[in-house]
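Some labels in a structure description rest on cut-offs. The questions below ask what stands behind each label.

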Amino acid sequence: GMRFDAVLEIEGDNVDTFDHEHAQPLCAWWAIDSHLHMTYDHHFFRARAFDHVFVAQKHHVVRYKEWAWTEATWLPLAADPDVFKPAEEEQLFDVGFVGNMLPGLHNARRNLLKRIYTQFDRVAIAKGVWREEAARTIGSCRLAFNRSLHEDVNMRVFEVAACGRPL
């Protein structure tokens with residue numbers, strides 16, 4: 001029985017859409033991981049159900065317009081400044097990495113991390129950490145490493161910058 005002026009669904013892992021096809025308010029979708037779904041027809045079919053699509057990766061906006069026949073606008077990612085901020089703690093590591101290293105999907109990232117591990121004495125690798133724990137890891141490193149997928153500008157770029165560390 002609640003009434004809304006607008007609904008924004010933010011793409012996440014295995015998030016089901018609510019019954020937005022029958023909703024009265026404006027319904028928008030923020031496609032965060034468009035770089036992972038460019039070959040999936042389902043992703044573009046789903047986008048058509050929304051009044052507007054925001055796309056985190058600027059170079060994919062045109063694909064949503066052409067393939068999903070929907071209005072699409074670039075809405076870049078960011079970092080929460082209350083969580084990701086310059087750290088006052090000691091830099092315990094030369095290089096740090098926060099992120100996934102899934103076989104098959106992140107092979108290039110895994111190979112680069114192996115090279116970094118052999119070149120530096122103190123390397124921090126943190127998988128499956130988010131927000132405060134990710135900020136602590138980034139803050140404890142002199143440099144942060146990031147290898148994005150498919151030329152995207154992922155959230156880690158903004159989080160590292162917000163922590164005041166070189167990427």
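Q: Which residue in S2 stands opposite Leu-8?
A: Ala-28 in S2 stands opposite Leu-8. This is a predicted model, in which local features need pLDDT of at least 70, side-chain atom pairs count only at pLDDT 80 or more, and totals for chains, interfaces and linings use all residues. Residues are numbered from 1 along each chain as its sequence is written, and side-chain values use heavy atoms, with hydrogens and water left out.

Q: What makes S1 and strand S2 (residues 26-31) a pair?
A: Two strands pair if DSSP finds at least two bridges between them. S1 and S2 have 5 bridges, in the parallel sense, so they meet the definition. Strands themselves are DSSP runs of E, at least two residues long, and helices are runs of H or I of at least four, numbered from the N terminus.

Q: Why is Cys-141 called buried?
A: Buried means under 20% relative accessible area, exposed over 50%, and partly exposed in between (1.4 Å probe, protein chains only). Cys-141 has 1% relative accessibility, so the residue counts as buried. Cys-27, at 2%, therefore counts as buried too.

Q: How do you know that Cys-141 is in no disulfide?
A: A disulfide is a pair of cysteine sulfur atoms within 2.5 Å. For Cys-141 the nearest cysteine sulfur, that of Cys-163, is 9.9 Å away. The count by this rule is 0 disulfides.

Q: What is the nearest side chain of opposite charge to Arg-109, and how far away is it?
A: It is Asp-152, 6.5 Å away. Lys and Arg count as positive and Asp and Glu as negative, while His and the chain ends are not counted. A salt bridge needs a side-chain nitrogen of Lys or Arg within 4 Å of a carboxyl oxygen of Asp or Glu. Arg-109, in helix H3 (residues 107-119), is buried yet has no salt bridge.
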